[in-house]
Amino acid sequence: MNRPLQTRKLLTIVCEAALEKRLEKELPQFGAHGYTISDARGSGAHGRRDAAWPASANIRVEVLCDEAVAEAVIRHLEAQYFTSYQLVVFLSDVQVLRAEKF
Amino acid sequence: MPFEPVILFFLLGALAGLIRSDLRIPAVLYESLSIFLLLAIGLKGGVELARYPLGDLVFAAACVVLAGALIPLIAFPVLLRAGKMARADAASIAAHYGSVSVVTFAVGSTFLAGQGVEAEGYLTVFLVLLEFPALMIGIWLARRGEGGGDWGKVLHEVFAGKSIVLLLGGLVIGWVAGSEGLKPLDKLFFELFKGMLAIFLLEMGLVAASRIGDLRRAGWFLAGFAIVMPLVSAGIGIATGLLLGLSVGGTTLLATLYASASYIAAPAAMRIAVPEANPGLSIGAALGITFPFNLLVGIPAYHWLATTLHGVFA
């Protein structure tokens, strides 16, 4: 039996690795049921982030959630981290199976 | 001037960085090497520590920590007033210079061993003790008058951080196991130490070269500070060492500790506790200038000064 795909939000946060522990603690508090964190490298407004050592390491955090949770997390990130930390946040629609998980 | 060959690896790394070589030390190797170095330094200190009655150390340790606290308290007003820096930046840089660099300490020990100079083994205890007070002072300087501050998070970041856990853990293991007990591990932790340090310094050279851009933006004042401050701190270290009656080797290592600036523990703690401070400034100065300065010029100079003054006063 093929179950239908349903639409959910994919929230992606690319930020400095220093924020990892905090985000792991805060995301569930805003209602996220789970998240995936991976090491990331790249370049942007703050120059090259090459992950050669901890101070230049980035992470990419991905959260599948509904719109309300995504909105709450984004508002929190904006208020808490945008001024002092290196952070890119974007939101997209994705199709998922088992939408109740997210 | 006597020269320590491991420093050549640092220069090679820096050169590779400057000519934009594709040489990269994988992040996992960096992590692994730093775990190895921290453990090895802790173990070595622990073995040595077993030779001294602990009670005698308490007074010396208290003096070393108190004298060390002068460093961020001197650095902060200089950066704030003379350097016209923002309060957060001045406090963060002061914390970096008050805290210590494990690798600079390791190079200092290696340098002394190469010269056949003995140093008191308990200097490693001072290394552990000097890592965090300056970070607390830095946060206090940044947050003074604002109230609040995230002390819980910072204390956890520092004390549960790998450098304290491994240094302190190594110290205790070395102390409990003693020289005989650690014999089977000697080959790994003591005989390979210098080679591992060499590879780590290669990586530090690469990273230091990549901070040059930060420094260009920071300007001449900070560059000057990054050379004058370690000299002042080393002076405090030599005075403290002489007053405590340390050997020439011990005095040199204490001066090296005071002169060194943290670029592992301090950046991590400051990023969490004083996020508005620009990490490019503090890391650029500590790693781009002070670390190479101490390696190339500082350590031999502190040794020379400690030897000379020791002849006069002791």
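Biologist: Great. What scores does the model get overall?

Modeller: First, please keep in mind that this is a predicted model. It scores ipTM 0.80 and pTM 0.89.

Biologist: Which elements of chain B have the lowest and highest mean pLDDT?

Modeller: The lowest mean in chain B belongs to helix 8 (residues 151-159), at 75, and the highest to helix 14 (residues 248-259), at 97. In chain A, strand 4 (residues 47-49) has the lowest mean pLDDT, 78, while strand 5 (residues 58-65) has the highest, 96. As a rule, where pLDDT is low, the predicted coordinates should not be read in detail.

Biologist: Good to know. How many residues does each chain put into the contact?

Modeller: Chain B gives 14 residues and chain A gives eight residues.

Biologist: Which helices of chain B supply at least two residues to that side?

Modeller: Helix 2 (27-49), helix 11 (193-210), helix 15 (265-273) and helix 16 of chain B each do. Helix 15 of chain B makes the largest share of the side that touches chain A, with four residues.

Biologist: How does that side of chain B split by class?

Modeller: The side of chain B that touches chain A has 10 nonpolar residues, three charged and one polar.

Biologist: Can you give me one residue there? What does B:A27 touch?

Modeller: Leaving out residues up to four places away in sequence, B:A27 touches A:A51 and A:A52. B:A27 sits in helix 2 of chain B.

Biologist: Is B:A27 buried, exposed or partly exposed, and why?

Modeller: B:A27 is partly exposed, because it has 18 other C-beta atoms within 10 Å, and a buried residue would need 20 or more. Its C-alpha atom is separated by 26 Å from that of B:S109, which is 82 residues apart from B:A27 along the chain.

Biologist: Switching topic: how many residues are in the largest nonpolar core?

Modeller: That core has 123 residues, and B:A94 and B:L127 have the most contacts inside it. Helix 16 (residues 279-313) of chain B provides the largest share of the core, 11 residues.

Biologist: What is B:L127 in contact with?

Modeller: Setting aside neighbours within four places in sequence, B:L127 is in contact with B:V100, B:V102, B:F105, B:L167 and B:L257.

Biologist: Now helix 1 of chain B. Which of its residues are buried?

Modeller: B:V6, B:F10, B:G13 and B:A14 are buried in helix 1 of chain B. They cover an arc of only 95° around the axis, so they lie on the same side of the helix. Those buried residues pack against helix 5 (102-115), helix 11 and helix 16 of chain B.

Biologist: And what about helix 2 of chain A, which residues are buried there?

Modeller: In helix 2 of chain A the buried residues are A:V69, A:A70, A:V73 and A:L77. Their arc around the axis is only 100°, which puts them on the same side of that helix. The cover over them includes strand 1 (6-16), helix 1 (20-29), strand 5 and strand 6 of chain A.

Biologist: What does the opposite face of helix 2 of chain A carry?

Modeller: The face turned away from the buried side carries the exposed residues A:A68, A:R75, A:E78 and A:A79.

Biologist: Last one: what is the phi of B:R20?

Modeller: B:R20 has a positive phi of about 55° although it is not a glycine. Most residues other than glycine have a negative phi. B:R20 lies in the loop between helix 1 and helix 2 of chain B, and it counts as exposed because it has 8 C-beta neighbours inside 10 Å.

Biologist: And A:R98, where is that one?

Modeller: A:R98 is in the segment after strand 6 (87-96) of chain A. Its phi is positive too, near 50°, and with 9 C-beta neighbours inside 10 Å, A:R98 counts as exposed.

Definitions and conventions:
Residues numbered from 1 in each chain as written. Chains lettered and ligands numbered in written order. Predicted model: local features only at pLDDT ≥ 70, side-chain atom pairs only at ≥ 80, totals over all residues. Core = buried A, V, L, I, M, F, W, Y, C linked by C-beta atoms within 7 Å. Buried ≥ 20, exposed ≤ 12 C-beta atoms within 10 Å, placed from the backbone. Contact = placed C-beta atoms within 7 Å. Nonpolar A, V, L, I, M, F, W, Y, C, P; charged D, E, K, R; others polar. pLDDT = per-residue confidence, 0-100. Arc of directions from axis to C-beta.
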